[in-house]
2 protein chains.
Amino acid sequence: MADLARPYLLFIGDVQDDLAAKTAAGIVDWRRDWCLGQLRLPGCKADLGLPDLDIAAAAAQGARTMIVGVANAGGVMPDHWVATIVAALDAGMDVASGLHTRLGAIPAIADAAARSGRTLTDVRHPMQSFATGKGTRRAGKRVLTVGTDCSVGKKYTALAIERELRLRGHDADFRATGQTGIFISGRGVAVDAVVADFIAGAAEWLSPAAEPDHWDVVEGQGSLFHPSFAGVSLGLLHGSQPDAIVLCHEPTRAAMRGVPAPLPDLQACIELNLACGRLTNPAVVCVGLSVNTSKLMRAAARDYLARLGERMGMPAVDPIAYGVGPLVDNLLKLVP
Amino acid sequence: MADLARPYLLFIGDVQDDLAAKTAAGIVDWRRDWCLGQLRLPGCKADLGLPDLDIAAAAAQGARTMIVGVANAGGVMPDHWVATIVAALDAGMDVASGLHTRLGAIPAIADAAARSGRTLTDVRHPMQSFATGKGTRRAGKRVLTVGTDCSVGKKYTALAIERELRLRGHDADFRATGQTGIFISGRGVAVDAVVADFIAGAAEWLSPAAEPDHWDVVEGQGSLFHPSFAGVSLGLLHGSQPDAIVLCHEPTRAAMRGVPAPLPDLQACIELNLACGRLTNPAVVCVGLSVNTSKLMRAAARDYLARLGERMGMPAVDPIAYGVGPLVDNLLKLVP
């Protein structure tokens with residue numbers, strides 16, 4: 001896919017809570033300066049904290065892409081949202097969606113895109129075909145966030161590492177593997193939607209050969225210990241051939257997301273990721289732990305991180321609460 | 001997909017060598033009694049050893065499905081094969097193909113299927129959608145063939161185990177995960193063509209809950225050590241939740257198929273498969289090794305198998321040359 005044109009107008013329809021707008025909220029968290037405003041329909045109960053703009057105002061301010069930034073049940077486009085999308089196209093904006101429903105499958109939207117010459121992008125659906133993975137080493141450096149489970153902070157950790165590396169003057173690019181990440185970086189591939197034979201190949205495409213000092217910070221997906229999605233995680237690990245991994249974890253979770261299985265032991269999770277990662281990068285190391293402590297009290301969180309870091313012998317950070325500084329210190333020390 | 005209707009007429013076009021007809025040859029190897037004959041075009045250089053039948057003769061003998069049983073470069077349908085496929089449909093046969101080109105994408109074939117009311121099946125393309133994997137334990141017994149590499153005999157080993165189990169009076173079903181296997185069993189799913197998020201779910205669909213004494217013998221794909229396809233292998237391992245695995249190997253291969261990577265150590269390969277397999281079946285065991293010794297001299301093959309079995313502490317067999325008896329003995333002993 002071509003990069004999504006910026007700035008964005010974030011459309012969240014009339015969703016009934018902030019959770020349904022979390023895709024858009026993620027864009028605001030990480031790319032506030034790309035966002036001109038939000039467009040909400042009557043009855044919307046979410047608020048991104050951006051100026052409310054209608055289509056005409058957004059177009060007048062130069063919005064280039066309207067992002068359908070919601071994650072509603074089933075991923076289906078409500079009928080009463082279509083007119084707004086058509087209006088955005090007719091006003092000269094591209095439209096990009098994270099819903100399962102393809103924009104172009106809705107005739108009024110397809111017609112509007114054709115007559116306006118604008119681009120429709122469905123970020124859940126890969127827009128290109130891939131070769132199978134080759135497994136050969138590529139120039140450049142790569143770090144991959146892996147997890148004990150789904151939804152434990154792999155995307156936010158990768159984005160925080162990208163930001164910290166850039167602050168320190170390193171050339172670094174976040175590489176998005178899911179819908180929200182694609183909106184945040186303007187490009188990427190939803191690896192869970194790739195045909196199974198091409199998972200590793202898609203990951204190779206996503207983090208191509210680069211300058212020796214360039215860092216790709218690859219957003220992980222799922223977990224090698226998740227019985228639904230481990231195949232995606234393994235293909236992504238092999239294809240991204242990381243020099244370093246960071247293990248992401250949520251310490252209050254009682255069971256794997258969506259299935260009645262226990263969370264893996266952290267050491268076992270690191271060891272399996274390293275054992276599998278060595279297939280395409282024999283030098284892969286684990287440089288730290290990234291923990292979402294948002295459900296712990298502040299003192300308990302600090303204590304947990306300190307004990308965990310000591311026990312595992314590597315930095316343990318909460319990327320949102322305390323930043324990833326110690327983790328990036330260790331990354332740069334172990335992968336010089 | 002519904003089961004493919006039998007008997008079959010095997011169409012191999014005008015392929016230029018036996019290798020290009022290996023899909024059809026696999027059907028003949030394992031389901032000779034399902035095959036009425038072969039249909040070859042002028043200039044065909046392969047021979048399945050079946051009676052040559054034209055469309056009219058095959059229809060008169062009751063052929064229900066014409067199988068396009070070739071694996072040519074690129075998986076594309078040659079234009080001059082289309083008339084034969086149209087004639088088969090008009091004569092009342094269904095048509096099933098293992099080519100990448102979808103039968104229905106060729107207008108003359110789509111038209112013929114519509115007017116005759118016959119079914120087109122593209123076994124490389126999943127015909128149904130799947131749920132994501134759940135990882136919950138299902139009743140029934142399962143054995144999965146895993147490999148050090150692609151194309152080391154996982155399908156033939158699974159078929160040989162199915163046959164041996166049935167000969168001993170056990171209720172057993174081969175579960176096909178690739179195109180040739182689907183023709184051989186009349187059903188199945190090409191797991192490498194499933195969208196990545198649904199690999200494990202497809203494997204769960206393929207080997208559903210069954211009677212406690214029923215054996216599903218699941219055809220493995222790829223290898224956890226193949227940098228292109230390991231994600232498929234892992235999803236299949238998790239979804240099929242085997243009670244037992246059999247490791248398949250080709251001892252003369254110098255590098256992994258299609259990529260410049262060494263073959264894994266056999267013990268490491270068993271250990272990684274068991275470690276990952278325990279996620280959905282904590283009791284999983286390895287019951288033996290299945291080796292394709294066709295490139296070794298007979299004495300060397302026997303010697304290799306004897307030494308390997310001793311070193312690994314489990315039966316090592318060549319399923320084609322010597323059968324899988326000792327392996328099935330061990331399977332029934334370890335998974336009673």
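Mentor: For residues 130–328 of chain A, UniProt lists "domain: D-glutamate N-acetyltransferase-like C-terminal" in an unreviewed entry; such annotations may be inferred rather than shown by experiment. This is a predicted model, where local features need pLDDT of at least 70 and side-chain atom pairs count only at pLDDT 80 or more. Residues are numbered from 1 along each chain as its sequence is written, and side-chain values use heavy atoms, leaving out hydrogens and water.

Trainee: What makes up residues 130–328 of chain A in helix and strand?
Mentor: That stretch is 36% helix and 15% strand. Helices are DSSP runs of H or I with at least four residues, and strands are E runs of at least two.

Trainee: Why is B:T157 called buried?
Mentor: Buried means under 20% relative accessible area (1.4 Å probe, protein chains only). B:T157 has 0% relative accessibility, so B:T157 counts as buried. This residue lies in helix α5 of chain B.

Trainee: How do you know that B:T157 and B:S290 make a polar contact?
Mentor: Their side chains are joined at 2.7 Å, and the definition asks for N or O atoms within 3.5 Å, one able to donate a hydrogen and the other to accept it.

How values were computed
Chains are lettered from A and ligands numbered from 1 in the order in which they are written. Buried means under 20% relative accessible area, exposed over 50%, partly exposed in between (1.4 Å probe, protein chains only).
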